[in-house]
Amino acid sequence: MFHLLAAHTPKNTRTDILSGLTVALALVPEAVAFALVAQLHPLMGLYAAFMVALITSAFGGRPGMISAAAGSLAVVMVALVVQHGPQYLLAAVVLMGIIQIAAGLFKLGKFIRIVPYPVFLGFVNGLAIVILLAQFEQFKITAPDGGKEWISGTALYIMLALIALTMAIAHFLPRFTKAVPSTLAAIIVVSLLAFVFSLDTRTVGDMASIAGGLPDFSVPQVPLTLETLWIVLPYAFVFAGVGLIESLLTLQLLDDITETRGQPNRECVALGAANITSGFFGGMGGCALVGQSIINVESGGRGRLSGITAALVLLMFILFLAPVIEQIPLAALVGVMFMVVIGTFEWGTLRMIGKVPRNEILISIMVAVITVVADLAIAVITGVIVSALIFAWDHAKHIRVETEQLADGSKLYRLVGPLFFASAQNFSELFDPKNDPQDIIIDFARSRVADQSALEAIDNLAEKYRAEGKTLHLRHLAPDCREMLHKAGDLVEVNIQEDPVYHVAEGGRGRRG
C-alpha cells in the first residue's frame, strides 16, 4: 500500500489524516442508523463502513471519495432481511460485489457519462433533501409505548443551540485558520462543551453501542442450492445497480468539485471487491456516500490516505474508543450534516428557472422527487429515459424535405434530418404517392437511417409507391446505412441507386444517410 501514499507531501498527509478523522466521526451514526433501517445489528453497518471505505479508498478510481454503508442500499435491503434473514443478505452482498466487478471489467462504468446534466442536478438535489430528512430522526426518542416521539422543551432547545454552534464553527472557522478541518473542530468543541457542562442531550451511545471486536470471516450460512440463488439474485442485481449508480454519480460530482477526472471502471471493480469482502466478514455492504465525500473534500481530503484513515480510525472506535465516541452529542453530527446539505444542494438550479428549457427544469425536479419518495436508482433511470424520449421527440420534428422536379420527369426529395423511430411517422407524411411522377428519388445526403423503425418507414413508403405503379429510388446513403438495408434483404424492397458522385470526398459527406 506504500506506493498508494508515496505522492503525499507532509502537508497533504496531515490534511488527509485530519479529514479522515472528521469523516470517521460522521460515519459512526450514519452506519448505525443505516443498519437499523435494514433491521440489522449496528455492528454490521460499522463493519461494512470500515471494510468498504478501506478497500475503495485504497484501490478505487476516485481518491477522496468515501464509500461505506449507505441509506440508499439499506432501504432496499430491508425486504430481503425481513423475508429471509441476515445470512441471505450477506449472500446477496457477495453476489452484488461479483456483479459490480463484472460491470467494471466490461467497461460499463463509462456509461455514467451519458447521464444528462438535468438528471445529475436532480440526483444531487434529491440526495441533499434525503440527507436533510434523515437528520430529523435524531430529534425523536423512544416513547413509553415503544414508538417514537419528538423531543421537546429544554432538550429540544439544547439540541438546537448545539446544532447552531456546530454550523457556526464549521462556517466561520475557515476565515481565521485552515490548520484544522472546521467540521472536526466543531465536533470537538461541541462535545467538550456538552461534557464540561453536563448538558442533557442525546449522544451517539443513545442510538446503540458501537463496541465490538474484529470482524470474523464466515461464508454466509445459506443452502447452496438453485432455490437460494433465485431468491438472492434479483436482490443482488438491485443492490449492484443502486450501488453503482450512486457511486459513479458521486464520482462525477467530485470530479466537478476537484476539477479532476476519476476512473469509473476502476471504481466499479474496487467497490465490487469491497462488497465481496464485506459479505464474507459480516458487513451489510455499501457504496459511495455523497455527504461524507463532501465532508472529506471540503475538509481538504483529496488523496487516498483520507479514506484509508477514516476506515482505520473507525475500526479503532469499534475496538478501543467506543466509550469515548459514544459521548459525542448527536447535535454536533447533525449540525455537520446540515452543512453538508447546504453545500451539496445545487442552489444554482433555482437561478436556472426561466433561463433554460422548461423540460430540463422539470426533469431535475422529477428526479429529485423520485429520489426522495422512492430510491436513487429508479430516479436516475427514469430521468435518463424521460430525457431520451424528450430528445427523440424534439428531433422528430426536425425532419423535412426539399423537392425538385428533374429534367427527366422524375421528382427529387432531399431529406433533411435523422430518420429514426420518433421521426418515422413525420417522414411518411412528407410524400405524395398519388400525385408524384413515375420515378421518385430520395436523397439522403443530409439525413441518416438510424434504426429498424426507419427501415420499416422506408419499406412502407416504397410499398405505397409500388401500389401506384411507381418506383422509389434511394440515393447518397452512407456505407453503414447501405449495409443496414442490404442486411434487411427482402424486408425492405427499394431501389438503391449507385450514384456516380457518391464516393467523391466532400465536406460533411461522411455523415450522410
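Trainee: Which elements each supply at least two residues of the lining of the second largest pocket?

Mentor: Those are α2, α8 (182-196), α11 and α13. This is a predicted model, where local features need pLDDT of at least 70, side-chain atom pairs count only at pLDDT 80 or more, and totals for chains, interfaces and linings use all residues. Numbering runs from 1 along each chain as its sequence is written, and side-chain values use heavy atoms, with hydrogens and water left out.

Trainee: What makes a residue part of a pocket lining?

Mentor: An atom within 4 Å of a pocket point; a pocket is an open set of points on a 1 Å grid over the protein atoms alone, where a 1.4 Å probe fits, with protein on both sides within 12 Å along at least five of seven lines. For the second largest pocket, 26 residues line the space, and P174, S182, E298, S299 and G300 lie nearest its centre.

Trainee: How many of those lining residues are nonpolar, polar and charged?

Mentor: There are 13 nonpolar, 8 polar and 5 charged. Gly counts as polar in this scheme, so G300, one of the residues nearest the centre, goes with the polar ones.

Trainee: Why is α11 called mostly covered?

Mentor: Buried means under 20% relative accessible area (1.4 Å probe, protein chains only), and 8 of the 9 residues of α11 are buried. Among them are V290, Q292 and I295. Just after α11, G300 takes a positive phi of about 105°.

Trainee: What does α11 line besides that?

Mentor: α11 (290-298) also gives two or more residues to the lining of the largest pocket, where α2 has the largest share, 7 residues.

Methods. Helix = DSSP H or I, 4+ residues; strand = E, 2+ residues; numbered from the N terminus. Buried < 20%, exposed > 50% of the residue type's maximum accessible area, 1.4 Å probe, protein only.
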